[in-house]
Structure formats: C-alpha cells, structure tokens
Amino acid sequence: MKRLLTVILLLLLCVNLGAFDWPFQSNSELRGEMLEFAGGMAARQKGTAEGRLISRFVRKEARKAAKDSLAWISDTYELTMKLKEMCPPHVDDGSRAAALRRDIMLLEDYPIHVDNRSANASHELKKAFDAFSDRYRSEARAKALECLEGPGPAEGELQVIKIYNMGYLLRTAQRMIVVDVFWDGTEEEAARIASKADAFFLSHPHRDHWNPVMVDALAAAGATLVLPAVICPMHGNKLVADSEWREPRDVRGIKVLLLRGNQGPQPNNAYLIEFDGWRVLIPGENDESALYEPFSAYQAPDLILHPTWNGLGNLLDIVRAMPGYDASKVSYIPGHDNEICFHGVDHRESYREMFSRKDRLGDPDAVYPKVILEDIGECVTLDRK
C-alpha cells in the first residue's frame with residue numbers, strides 16, 4: 001500500500017510539473033485571456049501613467065476585436081514596448097515597479113504564444129504572427145546595436161546586452177565578451193558587434209545559440225572563439241574546448257573554468273569566467289546537474305546567465321555552496337524565455353511558467369539571487385557598489 005501511495009504521489013508530482021506548459025489555444029481564447037490579464041494590470045496600476053495607458057488599450061482592443069480579430073497581436077506588442085520604456089529592467093524585489101515589470105513580461109507571453117504552427121492556423125493568422133515576430137526581433141536587434149554603440153560602462157561596471165534567446169554581450173570599460181549569440185540580422189550588423197569583441201564563448205551547437213554570420217564576423221575581427229569540438233567552420237583563432245579546464249586558463253585576459261556536460265545528445269560547455277573584477281557563470285543548457293559539483297570549490301559568481309526551466313534548483317544548490325555566496329550580491333538574468341523562432345507553443349518557455357512553477361522561480365520558500373527580467377534588445381548595467 002505504501003509503495004502504491006508513493007507511485008501515485010510521484011505521478012501527481014509529474015503532472016504538476018507539466019501542468020503549466022502553455023496550452024494550445026485558439027486566437028479568440030488567447031485574445032480573451034490577454035484582455036483579462038491586461039485589465040488586471042490596469043487595476044493594479046490604477047492612478048499611474050502606466051495604468052491609464054493599459055486601460056485605454058483594453059477599451060480600444062475590446063472594440064476592435066469585432067472588426068479585426070488579429071490586430072491584438074501587434075497591438076499587444078506595441079503596448080509592451082511602450083511599457084518597457086516606462087519601466088526598464090528592474091530587480092524583482094517585490095516593489096511596485098518590479099511587479100509592473102513582471103506583468104509586462106507576462107503580458108508579452110500572449111502574442112508569443114499564438115499557435116502559428118498548427119495545421120489549422122489560417123494564412124491570415126500566420127501572416128499576423130510573422131509580422132509581429134519579425135518586428136519584435138528586428139527592433140530588438142536595433143536596440144541592442146544602439147546600446148552597444150552608445151556610452152560604454154564606467155570603470156567597475158558590467159553592461160549586459162541581451163540578444164536573441166540566450167545570447168549576451170558582456171561589456172566592461174576594458175573589453176567585451178560575446179556569449180551564445182545567434183544573430184539573424186545582416187552581416188554588416190554582425191561585423192559592428194564583432195569589431196568590439198575580444199572573445200566568444202559558445203555553450204553548445206544548437207542553432208539558436210550561434211550561426212555562421214556571427215561566428216565568421218567574430219573570427220574576421222580577430223576575436224578568440226571558445227567552442228565545443230563539434231561546431232563551426234575552421235578558423236585560425238578557434239580554440240577547441242573539447243576537454244574540461246578545471247584549472248583556470250587565460251583567454252585574452254579572461255580566466256576561464258570549463259566543465260563538460262550535455263544538452264541532449266550534444267556536448268555542452270559550462271563556463272565560469274572572470275574578467276575585470278567580475279565573475280560570470282554561464283552553464284548553457286547542460287542537462288547533467290552532477291556536472292556542477294566542481295564549481296563549488298570556486299568563488300561565487302556575481303552574475304548567473306541560465307534558463308529557469310533547465311534544472312535551476314540544482315544549479316543554485318551548487319552556487320549557494322560556493323565561497324562568498326550572498327544572495328543579495330548575486331544577480332541572475334534568466335535566458336531562453338519565450339524563444340520564438342525554433343519552438344512550438346508548448347516549448348516557448350513562458351514567464352507564466354517561470355513564476356508559477358516551484359522548480360523555477362515560483363517556490364515561496366526559496367531564497368533566490370537578485371532576479372533581473374531582461375528582454376531581448378535590452379541593456380542592464382550592473383554595479384557592485
């Protein structure tokens with residue numbers, strides 16, 4: 001009997017962990033849920049400029065739906081863009097600004113989860129989704145380039161520019177590091193990024209983490225490429241990382257620790273890098289949680305870049321054991337949220353799931369590092385002072 005109860009509990013746990021996967025919904029269902037959520041946002045922001053903007057949006061969309069059932073997709077995106085300008089990335093500390101920032105990202109879930117891949121999806125729906133997706137990504141690229149070519153970080157600061165998916169530009173007053181960047185813009189734009197780069201670190205060879213446009217531009221600009229052995233065209237400045245580096249190696253003045261894991265059948269490099277007074281942990285999408293144990297012997301990172309859905313609890317258990325760990329001093333920027341190009345609706349990992357599931361950021365008993373919600377195209381500057 002006890003064994004039967006145990007099996008039932010395990011099955012219930014598995015059902016619970018999968019219960020928040022985004023369901024396949026019709027356009028009308030998704031639009032209706034979006035309007036309901038936006039109405040709640042307006043109520044929570046009552047008396048503010050943001051609240052008034054959201055209220056006008058809800059009234060307008062409710063009237064527009066009868067004439068244009070697909071307009072909400074692009075309109076919701078435009079609203080989130082305006083709101084993100086009014087409320088830029090913020091530490092998720094429970095403040096009103098942080099709560100608004102959460103709501104903005106949760107609102108963005110809705111257009112991203114239009115089921116454009118369904119066999120039943122109309123041509124009009126696919127066209128509306130593609131127009132939104134293209135604009136979302138192209139405007140993010142433009143914002144990232146504008147940030148990169150604007151004023152750089154001051155001495156002692158770390159600027160984090162989020163590119164597509166889990167791609168980041170890490171920039172100090174001394175150097176810039178490119179991490180897992182898939183660039184779907186032009187070669188000229190990739191060259192503009194590469195011209196400022198010292199090194200490129202790739203965790204694994206999935207196509208949403210790199211592409212030849214970016215890698216070729218980086219190689220041509222003279223950046224050092226740190227790559228898994230199975231990846232990429234050959235370049236003279238390619239540093240094949242096909243074994244673990246448990247003792248720090250110097251890569252262009254960057255101290256690099258590397259542990260080898262896997263993401264499915266593909267090799268995945270997990271990096272702990274130190275440069276210009278900053279330590280950054282970049283585990284990629286490693287599936288082997290036991291891999292992280294050797295990191296516990298090293299000083300805790302200042303910044304973690306990692307998707308919440310990929311064994312976050314196991315990773316944080318190791319990070320908390322690292323010397324010098326202090327949750328109030330470690331920043332965590334989630335990645336791979338709402339990946340829009342290469343996944344269907346059920347695998348566009350949503351902010352709803354991020355904040356609902358206990359195995360992500362929804363455990364009320366957990367003490368998390370400083371979570372910063374950064375969308376693609378956005379820029380955050382960290383200062384430990």
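Is Trp22 buried or exposed? In this predicted model, where local features need pLDDT of at least 70, side-chain atom pairs count only at pLDDT 80 or more and totals for chains, interfaces and linings use all residues, Trp22 is buried, with a relative accessible area of 2% (buried means under 20%, exposed over 50% and partly exposed in between, with a 1.4 Å probe and protein chains only). Residues are numbered from 1 along each chain as its sequence is written, and side-chain values use heavy atoms, with hydrogens and water left out.

Nine aromatic pairs are found in a search of the whole structure, a pair being two rings of Phe, Tyr or Trp (its six-membered ring) with centres within 6.5 Å, counted as stacked when the planes are under 30 degrees apart, edge-to-face when over 60 and tilted otherwise. Trp22 lies in the loop between α1 (2–18) and α2 (27–44), whereas Tyr110 belongs to helix α5 (residues 96–112), so the pair ties together parts that are 88 residues apart in sequence (helices are DSSP runs of H or I with at least four residues, strands runs of E with at least two, numbered from the N terminus). Tyr110 is likewise buried, at 6% relative accessibility.

The ring of Trp22 also has the charged end of Arg352 over it, 3.8 Å from its centre, the criterion being NZ of Lys or CZ of Arg within 6 Å of the ring centre and within 35 degrees of the ring normal. Arg44 lies over the face of Phe37, at 5.5 Å from the ring centre.
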